[in-house]
Amino acid sequence: MPARKALHTANIELPTLGPKDAIALLNANAYGIGTGALALHDAGLVLQAQTAAGALSLEAAGANLSPTDPRVVALRRAPGQVGASRLIRSLMKGSDLLKARHPRRVQDPLSFRCLAPVNGAAFDQLDRTEAAVLADLNGAGDSPAVLVEDEELMSTVNFDTTAVSLAFESLGLALSHTAAIATFRIAKLMSPGFSGLPRFLTPKAAGARTGFATVQKTVSALEAEIRHLALPLGAMTAPVADGVEDYAPMTPRVIEKTHEIVRRLARLAAIELVVAAQAVDLGDRRKLGRGTGQAFAFVRKHVARLDEDRPTGPDFERLAAALLAGELGAALAA
Amino acid sequence: MAVARAGAAVRIAPAVAPRLERARRIVEHFASGDRAVYGLNTGLGAAVDTALTQDEIAAFQRQAVMARAVGVGSFLATDEVRATLFVRLVGITRGASGLSPAFATVIRDMLDKGLHPRARRIGTLGEADLSPLAQLFLPLVGQGEA
């Protein structure tokens, strides 16, 4: 409806605009910072879900957990890796895998082994991006700005959000790395040579059943789209305002595309959770860790095990919506 | 997040009002003076070289908001509208904007009463989000849809 009518209905009276009021309302980055905060919130949930999915894949693969042993992690304190290793160990607390004296392999493929440093780098970038957003959220981007204590009015360049733009670019790139290794883990779990499980995790191997084979296409498409969206937008925009404004960081679009990455990553995490849960079901039933057990229960609350072929797209959408609503995060925090 | 997605109520702390009043008096002091201040008694962007007379300053505010409502493309989602309005309100409460204090209350009321103006996404470069903010504040100049 016309906003004039909406204001009247809401009983909001309009004051008169005085000097500077227009620029005082408009000269800020509230759209970029507001949508940035929403994107960061979702990114935190998705990265946590993806790390839990990775840990469930480690369980399903009977992986060698020595790369997350605190003693070897302490040899190099890479940003994010220490925390992610700790998170993975805590998710797997109580798991039979942690007690295994003779793991199935001396070394697993890097997509399994490097879960902590790769996802850790993304957690680290998430923290840095949050710091950049908070600086803007709690600051004033106005120009000119009133210096209340000095009773002065001065031009500023505090509307420039290059630091925020670069932080989100880095976050998007970091997330694209987590997407790549998740994609490889999913394919490995479906491959009998690696997992020792039926091909494409079909419980009844004989006949024309597809299992999760075709889901690989969805996974591959998601990873490709994420990698595409992670390409940097770059330093160039066409000059505007008759050349006075000859530079801009395109922060709102960078944030929007990072959010698009996050939404795709939520689907990828949902798929890995479902595939890893199926692999757990088909394997020798070992005791899962507390967190990986909760992740498994979260999957089975929303998605039944795949016995006969069915359309699985809706399963993944349902699970992605639940994890974006914070349901898995709440279960893991309980 | 609570404000953007769960409709939480917004309160402006009591310490804010005196700060906004003080900042506003400083703006009004400069508005009646001779010194050129960007956007106060000059045009915006390339029009920084154009002086505004006292008579023009009032009409200029309305024009400046309307002329910046240049967004195209998809509409912002409701959580994006609320997050944007909330972040702008937080910024204003610092006092550096020098906005007429009554408008801070209007923005709070828009959030609390669920008055969500429509705004289209494309048209800002991230050197201040003039286009989305101008669209969201069109109601303040009697324009726009909500």
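**Stop 1: two crossing helices**

Select residues 251-282 of chain A, which form helix α12, and then residues 313-324 of chain A, which form helix α14. In this predicted model, the two helices pack at an angle of about 115°, and their axes are 8 Å apart. That angle makes α12(A) roughly perpendicular to α14(A). As you turn the view, note that α12(A) passes α14(A) in a right-handed crossing.

Now show the side chains where they touch. From α12(A), pick A:Ala266, A:Arg267, A:Ala269, A:Ala270, A:Ile271, A:Leu273 and A:Val274. Their partners in α14(A) are A:Asp315, A:Phe316, A:Leu319, A:Ala320, A:Leu323 and A:Leu324. What classes of residue make up this contact of α12(A) with α14(A)? Colour by class and you'll find 11 nonpolar, two charged and no polar residues.

**Stop 2: into the core**

Stay on A:Leu323 for a moment. Setting aside neighbours within four places in sequence, A:Leu323 is in contact with A:Leu45, A:Ala49, A:Ala266, A:Ala269, A:Ala270 and A:Leu328.

A:Leu323 also belongs to the largest nonpolar core, a set of 136 residues. Along with A:Leu56 and A:Leu273, A:Leu323 is among those with the most contacts inside that core. Which helix gives the largest share of this core? Select residues 30-61 of chain A: this is helix α3, and 19 of the core residues come from there.

**Stop 3: zoom out to chain A**

The C-alpha atoms fill a box of roughly 75 × 50 × 40 Å, taken along the principal axes. Of the 334 residues in chain A, 52% are buried. Look too at which parts of the chain touch: among contacts between residues at least 6 apart in sequence, 81% join residues at least 24 apart.

**Stop 4: some loops worth a click**

Start with A:Pro79, in the loop between α4 (70-73) and α5 (81-91) of chain A. A:Pro79 has 14 C-beta neighbours inside 10 Å, so this residue counts as partly exposed. Beyond neighbours within four places in sequence, A:Pro79 is in contact with A:Ala121 and A:Asp124. Try the distance tool on A:Pro79 and A:Asp124: they are 45 residues apart in sequence, but 6.2 Å apart in space, C-alpha to C-alpha.

Next, go to A:Pro144, in the loop between α8 (115-137) and β1 (145-147) of chain A. A cis peptide bond joins A:Ser143 and A:Pro144, with omega about -5°.

Then click A:Glu151, in the loop between β1 and β2 (152-154) of chain A. Phi here is near 50°, a positive value in a residue other than glycine. A:Leu201, in the loop between α10 (192-195) and α11 (215-229) of chain A, has a positive phi too, near 60°. Is each one buried or partly exposed? A:Glu151 is partly exposed, with 13 other C-beta atoms within 10 Å, while A:Leu201 has 28 C-beta neighbours inside 10 Å and counts as buried.

**Stop 5: where the chains meet**

Finally, bring chain B into view. The contact takes 67 residues from chain B and 58 residues from chain A. On the chain B side, select α2 (16-31), α3 (54-67), α4 (78-92), α5 (101-112) and α6 (130-136), the elements that each give two or more residues. α4(B) gives the most, with nine residues. By class, the side of chain B that touches chain A has 39 nonpolar, 14 polar and 14 charged residues.

Key. Residues are numbered from 1 along each chain as its sequence is written. Chains are lettered from A and ligands numbered from 1 in the order in which they are written. This is a predicted model: local features need pLDDT of at least 70, side-chain atom pairs count only at pLDDT 80 or more; totals for chains, interfaces and linings use all residues. Two residues are in contact if their C-beta atoms, placed from the backbone, lie within 7 Å. Helices (H or I, at least four residues) and strands (E, at least two) are DSSP runs, numbered from the N terminus. Ala, Val, Leu, Ile, Met, Phe, Trp, Tyr, Cys and Pro count as nonpolar, Asp, Glu, Lys and Arg as charged, and the others, Gly among them, as polar. Axes are lines fitted to C-alpha atoms, for helices over the stretch in contact, and angles run from 0 to 180 degrees between N-to-C directions. Angles under 35 degrees count as roughly parallel, over 145 as roughly antiparallel, 65 to 115 as roughly perpendicular and the rest as oblique. A crossing is left-handed if the near helix is turned anticlockwise from the far one by less than a right angle, and right-handed if clockwise. A residue is buried if 20 or more other C-beta atoms lie within 10 Å of its own, exposed if 12 or fewer, and partly exposed in between; C-beta atoms are placed from the backbone. A nonpolar core is a set of buried Ala, Val, Leu, Ile, Met, Phe, Trp, Tyr and Cys residues joined through C-beta atoms within 7 Å.
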